[in-house]
Amino acid sequence: MSDRLKALRAARPLVHCVANTVSSESCANLLLALGASPIMAQAPEEMAAVTAAAQATVLNAGTPDAVRWSACHTCLRAADHPVVLDPVGVGVSPWRAEKVRALLSLRHPDILRVNAGEAQTLLGMDSRSQGVDCPKGLPCDQATALAQRLARLRHCVVLLTGALDAVSDGQKTCCIAGGNPLMSRITGSGDMLSCLCGAFATVADAFTAAVTASAFWKLCAERAAATAPAPGRFRAALIDNVYILDDRELAAAMAGRGLLSFI
Amino acid sequence: MSDRLKALRAARPLVHCVANTVSSESCANLLLALGASPIMAQAPEEMAAVTAAAQATVLNAGTPDAVRWSACHTCLRAADHPVVLDPVGVGVSPWRAEKVRALLSLRHPDILRVNAGEAQTLLGMDSRSQGVDCPKGLPCDQATALAQRLARLRHCVVLLTGALDAVSDGQKTCCIAGGNPLMSRITGSGDMLSCLCGAFATVADAFTAAVTASAFWKLCAERAAATAPAPGRFRAALIDNVYILDDRELAAAMAGRGLLSFI
Amino acid sequence: MSDRLKALRAARPLVHCVANTVSSESCANLLLALGASPIMAQAPEEMAAVTAAAQATVLNAGTPDAVRWSACHTCLRAADHPVVLDPVGVGVSPWRAEKVRALLSLRHPDILRVNAGEAQTLLGMDSRSQGVDCPKGLPCDQATALAQRLARLRHCVVLLTGALDAVSDGQKTCCIAGGNPLMSRITGSGDMLSCLCGAFATVADAFTAAVTASAFWKLCAERAAATAPAPGRFRAALIDNVYILDDRELAAAMAGRGLLSFI
């Protein structure tokens, strides 16, 4: 495995996030701690200019409104770099589902980051999730099957998150274990992971970026939980670990999870 | 007193917040730490669907705009579950006061969460508050009188917060002591309390929910201040205590404040 | 040096921030920790009323949209108190640059808070910054020359930030050393400094306010980094120090930087 964190920190890629209003500060802090440079613009009037300046784009469907959808459309059309789509709570309303489907029909994102409920909605299956959360995960075989099915439908890499994460590009699939249940007790943990995908996609192919982002995030969660057993302090410790971890520790964690053969 | 925290955590109610842009992340983190499931949607196009899926709605008038007022209207009409209204800074501008009054005339909320300045504005009295803060509280008799007067005018439970909190449904009234002055040195402490009211209102009547939320929040503040004497670390410790506290500790704190006979 | 922190805390000025959506919570928490009272309104319908009630206004161009520009216009016209303008990422798009220039032509702000890239854009020079960040600073002579040139062009005090800060009113100039590199690894550190400028400008002239805010912020960063060596915990420690520091410590830090003769 090459020194991806080192390469990312040296390149300091500009990652443009059409963020939701809830987690935008945490997403910006995550990217800065990682060593990337965030920009969270949203006005349709400047989407083309910002997209042209950025090295990756992360579109988030949480707290959507008409202007944000329009901004996302412009970004998708303009981007000639990796695009991550995070269809937060796509099953929450028919309006949101329709708007996300319109984005997906405009262009395949490079990485689609979903939880099980969102994947089920995008596949037209009955989803048992409520709201934007989907705390219970799936076993590895079901998670990889779901990720693969969605990857084939949408012609992109799917990162399906839960207690276990699964990544698929439609052919290759793998499961990523680890992490900590506190991740489901802070808001934006999925949104931040989507930003990690965008950042890693500037130094790796989409499949590798999704696997690396997932393993990195789970490692950060484990380290944070070791010193901060409740969600208030856990959030701060999580960002600390994003800043502190290096390629050696990441490679060891990925080797320990049997992921090195996939990337 | 029944095991309300346990019941709430088992039910994991979906609490919909039409939040302000300043405290939305903290409100989401509070609800997740508590064991509820937050959703912070705002687009009028999906308000009916989100409201139908939720078990409680919390409307916040901070950082208002035309779209948010419209979203609040739809929520108020659609909700068949507890609704909390937090008329943040209602006296800040005639426009905001008029919009809040329009909401109140549409439907009585179940709980109206105000500080003394906001209560005075809603009662047409001269308010001496400035901006959105009202750090100085009232003595118990004045606080309960003000809460009761507003409860009678608006036919709902009023939770009036300050150094002392007061709750009234127009008949019953009580005062809740405790807490910590650091609560007025972090933003969103009132907004988060309104979210607690919404969450507790899914497992108790409105009066009990308001009293319980107030006592729980004051207990969290006391515990947080014991380990974190300045506002930066206090915020994290506050959320930690929301996660950690259980019914036994909450019942003891309410008994110690003489509140068990009220609920 | 007079007891400015004490005066500020006694007056508890209402500081109105037309904030960006990313750092608005941190800006509010900063102002509360400092002892000021924040209000983060944004609706054009109430800008005149909020501006009339406030003692200082801080306009931030991050996450701009048509409504926010309109709100900024109303604030600039209505304010008869200190106004700080923070043209975040002015070079990010021609649209943003045009809108910032329109604000500047409406009225000279009292303090313009910029990084080197933003200063270069406003001076029509080629900027080498990317996005909204400009982590590399300039040496003292170049920073003061840039600040002075912009101050003369825009007839206001300029606070140019970087590893070294420079302040100029077009005549007087000074450099402020210190701080910590972690400041560039958290989002909103510049936005928060602009809020400090607004708060200090309620108890001092614009030049003194900018120098004091810069020195205060650098001192907070040094203190925070001494106990929190990574950005997650650093953010909390930073706010703790805003709350804890007093005039004696601030005066000592300014004396140690050779700043007392400037203010």
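## The buried residue M40(A)

In this predicted model, M40(A) counts as buried because its relative accessibility is 9%, where buried means under 20% relative accessible area, exposed over 50% and partly exposed in between, with a 1.4 Å probe and protein chains only. M40(A) sits in the loop that joins β2 (37-39) to α3 (44-53) of chain A; helices (H or I, at least four residues) and strands (E, at least two) are DSSP runs numbered from the N terminus.

Leaving aside residues up to four places away in sequence, M40(A) touches C17(A), A19(A), S24(A), C27(A) and A28(A), and also V22(C) and T63(C) of chain C, a contact being heavy atoms within 4.5 Å.

## The annotated site

The unreviewed UniProt entry carries the annotation "binding site" for M40(A) and G188(A); such annotations, given in the numbering used here and with shortened feature names, may be inferred rather than shown by experiment. G188(A) lies in the loop between β8 (173-176) and α8 (189-200) of chain A, and G188(A) is buried as well, with a relative accessible area of 10%.

## How chains A and C are related

## Conventions

Residues are numbered from 1 along each chain as its sequence is written, while chains are lettered from A and ligands numbered from 1 in the order in which they are written. In this predicted model, local features need pLDDT of at least 70, side-chain atom pairs count only at pLDDT 80 or more, and totals for chains, interfaces and linings use all residues, with side-chain values using heavy atoms and leaving out hydrogens and water.
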